[in-house]
Amino acid sequence: LARFSLIPRQTGFFDKFKKVAQNNLDGAYQLRDMLTDYQNVELKAKELFATEHHGDKIRHEIIAKLNKTFVTPIDRDDIDKLSSALDDILDIMEAAGDTFVLYKIEKPTPEAIAMAEVLVKSVEEIQKAIDRLEDLKGLKEFWIEIHRLENEGDHLAREAIAHLFENGIQPVDVIKWKDIYEYLESAIDKCEDVANILESIVLKHA
Amino acid sequence: LARFSLIPRQTGFFDKFKKVAQNNLDGAYQLRDMLTDYQNVELKAKELFATEHHGDKIRHEIIAKLNKTFVTPIDRDDIDKLSSALDDILDIMEAAGDTFVLYKIEKPTPEAIAMAEVLVKSVEEIQKAIDRLEDLKGLKEFWIEIHRLENEGDHLAREAIAHLFENGIQPVDVIKWKDIYEYLESAIDKCEDVANILESIVLKHA
Amino acid sequence: LARFSLIPRQTGFFDKFKKVAQNNLDGAYQLRDMLTDYQNVELKAKELFATEHHGDKIRHEIIAKLNKTFVTPIDRDDIDKLSSALDDILDIMEAAGDTFVLYKIEKPTPEAIAMAEVLVKSVEEIQKAIDRLEDLKGLKEFWIEIHRLENEGDHLAREAIAHLFENGIQPVDVIKWKDIYEYLESAIDKCEDVANILESIVLKHA
């Protein structure tokens, strides 16, 4: 009494997105751990790079699967957009981590650590949302929270940058820290981009 | 002799876009007024923030309406893109205004004021274009003008930034003003993004 | 025994994209030549500007053609996206060239020249890919190479910027060179955006 199905269930894409979201979370934890336990920084940056590389691999699997799949569970274009935006988050986290090494930063500021915490929370919300993507339900609470976190990150970044100018620190250090704060803020922003893509996918299937 | 219509006319979206465009214009005027009459700057930045917050509210109304509407007058995806790009303009204007406070800027430069004027003109053109969006006619003149203004803004920004390096001013002031010029230019650029979205909507319905 | 066709073959778009790709390549060569033979810099920046202006002209021809064409060989939306991304590459190259003039740069660094070389290679790969776009075949090798070049450009930019902080150079020079390296990297990044659009066009027609 086999059940036949002309269109095989395409759970594969959702599984792969879950892998990407988990991998991004691994990267966010690595970045936070680098900043809160600031030693062996070069090694930690290399581990974050390996995570980013692993993310690229899953992204290519998604693109390859898209090549071989005739009927996709969500629009081809949205699969592509979502995969690309998730990839961007990890790319920027990796660049942020690497910048601590390249700029020979001696010690992270409390502001950088606070921003890394907001980033971790945003990436956690995205992981929870991706976990529910297949049901297209209950995602709203996640993107509301991601928008709130983006506002918090934006506020932290502005305060942190303003603070640089108040402290009479060296101009080159202003340049360095501005870059780092902007990377961290930009990674949080990218989480909001993912939330917007999820929102638009849900709208289409509502 | 009632006339029935299976698909109710969806003028609601156009009305909401007109509200967003008007709100953006309010923000542009607030920013210009802050720079040309540079006093009570913190208060003025707060008023601009309130305008930005009001814009977010209308944006959420548009998204909510999209959720409840089966047949939209223009593509769902374009409603989303247009709404998002209009939102970006005001976000950046608000960030520009706030930066004057955060960086404790004593006095706006003539270059910043000139860029704010170009920004006001761009936002005015967008408002006029949005007013005509429902007819899908006569929009071309607006986006030609918006492209021209973008070129002007780009030129002003380049000159302003080059000028910073010629004046032997302090490096931290170079950093501050570069940020402000880049915000202003980026807000003008976003107006061009809106023009491109309008152009692509017209193309689809041509 | 004529063969009739209700839908005329629309090779026109491909021809125009080839023109854009060739024009971008002209711009990339002009930028490289400016940096490797650093004299008459203002004149060379003006020539690059003329090339950019010519690119805008072809872009408008594409948009106009889109207005008059009912059935397009690839999605209207993709024609618009591809044309816009190709335009971005040249815009940024022009801005990079102009920055050498505006910032009164005395001599290009070896890092800037290395990045310009990677940029030339990326633009060459795009031109080869656009040449084959009509067949939708054999494009994969190009975008793999473009992704590789983007990684190389990213690495070069990071090293170049880190190097600025190691050399004890003046803060304003750090600011200037960071800008130039970021323009060059951003132009290379835009080539990757084009590769991603080409990839997605091929996916749709696979």
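Q: How many residue pairs are in polar contact between chain C and chain A?
A: The model is a predicted one. For this count, both residues of a pair must be at pLDDT 80 or more. Between chain C and chain A, the number of residue pairs in polar contact is 3.

Q: Which element gives the largest share of the side of chain C that touches chain A?
A: Two elements of chain C, α5 (140-166) and α6 (171-205), each give two or more residues to the side that touches chain A. By class, that side has 8 nonpolar, 2 polar and 6 charged residues. The largest share, 8 residues, comes from α6(C).

Q: Which side chain of chain A meets that of C:Arg158 in a salt bridge?
A: The rule finds 4 salt bridges across the interface of chain C and chain A. In the one formed by C:Arg158, the N to O distance is 3.0 Å. The partner is A:Glu94.

Q: What area do chain C and chain A bury between them?
A: The contact involves 16 residues of chain C and 18 residues of chain A. Carbon and sulfur atoms account for 62% of the buried area. The total is about 1,400 Å².

Q: Are α2(A) and α3(A) roughly parallel or roughly antiparallel to each other?
A: Helix α2 (residues 41-68) and helix α3 (residues 76-102) of chain A have axes 9 Å apart and pack at an angle of about 170°. Angles over 145 degrees count as roughly antiparallel. The two helices, α2(A) and α3(A), are therefore roughly antiparallel.

Conventions: Residues are numbered from 1 along each chain as its sequence is written. Chains are lettered from A and ligands numbered from 1 in the order in which they are written. This is a predicted model: local features need pLDDT of at least 70, side-chain atom pairs count only at pLDDT 80 or more; totals for chains, interfaces and linings use all residues. Side-chain values use heavy atoms; hydrogens and water are left out. Axes are lines fitted to C-alpha atoms, for helices over the stretch in contact, and angles run from 0 to 180 degrees between N-to-C directions. Helices (H or I, at least four residues) and strands (E, at least two) are DSSP runs, numbered from the N terminus. Angles under 35 degrees count as roughly parallel, over 145 as roughly antiparallel, 65 to 115 as roughly perpendicular and the rest as oblique. Contact means heavy atoms within 4.5 Å. Buried area is the accessible area (1.4 Å probe) that two parts lose on being put together, summed over both. A polar contact is a pair of N or O atoms within 3.5 Å; within protein, one must be able to donate a hydrogen and the other to accept it, and residues adjacent in sequence count only if both atoms are side-chain atoms. Ala, Val, Leu, Ile, Met, Phe, Trp, Tyr, Cys and Pro count as nonpolar, Asp, Glu, Lys and Arg as charged, and the others, Gly among them, as polar.
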